[in-house]
Amino acid sequence: MPVPHPVASDSPETGAVPDASLPSATPVTDAPRASVIICVYNRARQVLPCLESLLASTFDDFEIVLVDDASTDESPEVLARYRDDHPERSIRIVRNEINKGISGARNAGIDAARGELVFFTDSDCTVKPDWLQQMVAVFDDDAVSAVAGTVVDPPPRNWAEMARFGGSRIGRHPLQGRRLIGGNMGFRRSIVMEHRFDPEIRYGCDEDDLARRLAAAGHRFGFAPDAIVHHHHPFTIGSYLRLAWKQGRGSAHFWRKHGMVLGRDLWFLLAAVLTLPAAWFGMPAALLPGGFLALQCAALLYNSLAFKGQPPGTALLALPLQLVHSAVKLASVVSVRLFSPLQGRQVTSNAGIPSQARASEDGGKGDGR
């Protein structure tokens, strides 16, 4: 017998509503072991390969929760049609009436999910057939609260993709420090109901913020290297630099929230900018900004080689564009600091995250997935 399509209930916390384009359906009483949450914003075409890859999963005890984050393209119709075409699967749709951004959309998906475990991948990703099986297996260790897997970028086809290549690579270097990656991560649902994504962080550092708070609360992380997700996100120079601006805004909120002035990836560049007036005094003072700029380039090269795993030739060719990316990101951070001051907030294990008791504290804002 086909599985009826459950529809998420209204959520006063997230502002998410059921998919109004379809009639109400009888909820499924048996909760699955896992819920896979996919947040969609204007990706009517890209989301279909993602869904097809999930339906090929070797792990069967899961539901799919699709969060339409107020898309303005055909995404709502595409998602509804896909659900109708697959009555044998439990596919649930939640629609945000306003765009809440990636963190707000993820929270809406968590509220709608029924699984003991919740997993996230992105709408421009495809998963290997054993992805979910590999991720679920990590939670056989009762001490693990969260898990991340491997994200694979396609071979770069242009300069921008060359500069971006390997940006989602985690778990391969002891100094990297990243524990979660948005396109391939999972949690015990009870944990992310308590420690939620911060909707103040619109894009960039959203999972880093959650990881930092989970670590502070004593939670353990797992890594599933064989849980593989392929990321299909083409870049142009323009889209790569727009990404830098969005990342800068998210990073500014993250650093301010956790008591940091600036992240280490921008230290030397900021020092170069601040010491630039020394060039007016001639040599040797003029060497100061140049020295800091050289250190920034060295840091970018190290990041590309050690953390991103880029070949040396690729890292060298991509360096000039990565330097421009850093400059745009720094400008974005400065703009947030000057024109968008955050409210003073004491950071705790769950600081700034709306719960049923604090739903009005933060206004989530939207961005593309």
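This is a predicted model: local features need pLDDT of at least 70, side-chain atom pairs count only at pLDDT 80 or more; totals for chains, interfaces and linings use all residues.
View 1. Helix α2 covers residues 75-85, and its buried residues are Ser75, Pro76, Val78, Leu79, Ala80, Tyr82 and Arg83.

**View 2. The largest nonpolar core.** This core is made up of 34 residues, and those with the most contacts inside it are Ile38, Leu51, Ile64, Leu66, Phe119, Trp131 and Leu132. Helix α4, which spans residues 131-138, gives the most to this core, contributing five residues. Apart from it lies another core, which has 27 residues, among them Phe120, Phe187, Ile191 and Phe197.

**View 3. The surroundings of isoleucine 64.** If its neighbours within four places in sequence are left aside, isoleucine 64 is in contact with Val36, Ile38, Leu51, Leu54 and Leu55, and also with Ser90, Ile91 and Arg92. Two of these partners, Ile38 and Leu51, are listed together with Ile64 among the residues that have the most contacts inside the largest nonpolar core.

View 4. A search of the whole structure finds seven aromatic pairs. One of them joins phenylalanine 187 and phenylalanine 197 in an edge-to-face arrangement, with 6.1 Å from centre to centre and 85° between the planes. This pair links distant parts of the chain, for phenylalanine 187 belongs to strand β8 (residues 185-188), whereas phenylalanine 197 lies in the loop between α6 (189-194) and α7 (206-216), 10 residues apart. Phenylalanine 187 counts as buried because its relative accessibility is 0%, and phenylalanine 197 is likewise buried, with a relative accessible area of 0%. In another pair, the ring centres of tyrosine 302 and phenylalanine 307 are 5.7 Å apart and the planes stand at 75°, so this pair is edge-to-face. Tyrosine 302, at 41% relative accessibility, counts as partly exposed, whereas phenylalanine 307, at 12%, is buried. Elsewhere, one aromatic cluster is formed by Phe119, Trp131 and Phe139.

**View 5. A nonpolar patch on the surface.** Val334, Leu338 and Phe339 form this patch, and together they have about 340 Å² of accessible area. Leucine 338 lies in helix α11, which runs over residues 312-339. Because its relative accessibility is 60%, leucine 338 counts as exposed, the cut-off for that word being over 50%.

Notes: Residues are numbered from 1 along each chain as its sequence is written. Side-chain values use heavy atoms; hydrogens and water are left out. Patches are made of residues with over 30% relative accessible area and no salt bridge: like charges are joined within 9 Å, nonpolar side chains (Val, Leu, Ile, Met, Phe, Trp, Tyr) within 5 Å. Accessible areas come from the Shrake-Rupley method with a 1.4 Å probe; for residues, only the protein chains shown count as cover. A salt bridge is a side-chain nitrogen of Lys or Arg within 4 Å of a carboxyl oxygen of Asp or Glu. Helices (H or I, at least four residues) and strands (E, at least two) are DSSP runs, numbered from the N terminus. Buried means under 20% relative accessible area, exposed over 50%, partly exposed in between (1.4 Å probe, protein chains only). A nonpolar core is a set of buried Ala, Val, Leu, Ile, Met, Phe, Trp, Tyr and Cys residues joined through side-chain atoms within 4.5 Å. Contact means heavy atoms within 4.5 Å. Rings of Phe, Tyr and Trp (its six-membered ring) pair if their centres lie within 6.5 Å; planes under 30 degrees apart count as stacked, over 60 as edge-to-face and the rest as tilted.
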